[in-house]
Amino acid sequence: MELGIAVRSLLQACAAEVTGPVATAADADRLTAGHLPDAAVIDIHLRGGDRAEAAIARLHSQRVRIVVTSVDSGRLETRVKADATLSKPFSEVELIAALMPAHAALAAGRVAQAAAQRPLPAAIR
């Protein structure tokens, strides 16, 4: 859980809206049942021997960007549907880089919404 708190602190310092951390797959399911995140950072090994593969697959199927962390991430890419994998220990820069595509997609969506509400003048198009 210490890693989860450190990740939350880093992301909040980057002005991200963060929910969690959670310790079990059931907790993750409850947390995301009402509102899907844009991205999720998930350790493959959860508290009490719980594993995150089912939660990862569910979130991935709902187009959530998944960053999976593990002590042994080299073999994860064939087992889980992650957009990025990070071997522990990882740096703050590696984590932010893994999350950048989710941030870019979110920003692009906001720009598209703004453009739909206020179209560009014909001279600019």
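Pro89 sits in the loop between strand E3 (84-87) and helix H4 (92-117), where helices (H or I, at least four residues) and strands (E, at least two) are DSSP runs numbered from the N terminus. The model is a predicted one, so local features need pLDDT of at least 70, side-chain atom pairs count only at pLDDT 80 or more, and totals for chains, interfaces and linings use all residues. Residues are numbered from 1 along each chain as its sequence is written, and side-chain values use heavy atoms, leaving out hydrogens and water.

Most residues other than glycine have a negative phi, and most peptide bonds are trans. Ala15, in the loop between H1 and H2, has a positive phi near 70°. At 71% relative accessibility Ala15 counts as exposed; here buried means under 20% relative accessible area, exposed over 50% and partly exposed in between (1.4 Å probe, protein chains only). Arg63 has a positive phi too, near 65°, and lies in the loop between H3 and strand E2 (65-70). With a relative accessibility of 80%, Arg63 is likewise exposed.

As for the overall layout, the protein has four helices and three strands, running α-α-β-α-β-β-α from the N terminus. Of its 125 residues, 27% are buried.

Turning to helix packing, the axes of H2 (residues 25-33) and H3 (residues 53-61) come within 9 Å and cross at roughly 20°. Axes here are lines fitted to C-alpha atoms over the stretch in contact, with angles running from 0 to 180 degrees between N-to-C directions. That angle makes H2 roughly parallel to H3, a label for angles under 35 degrees. Ala28, Asp29 and Thr32 of H2 meet Ala55, Arg58 and Leu59 of H3 in this contact, contact meaning heavy atoms within 4.5 Å.

Neighbours within four places in sequence aside, Asp38 is in contact with Val64, Arg65, Ala102 and Leu106. Asp38 and His103 are 65 residues apart in sequence, yet their C-alpha atoms are 7.9 Å apart in space.

Conventions. Angles under 35 degrees count as roughly parallel, over 145 as roughly antiparallel, 65 to 115 as roughly perpendicular and the rest as oblique.
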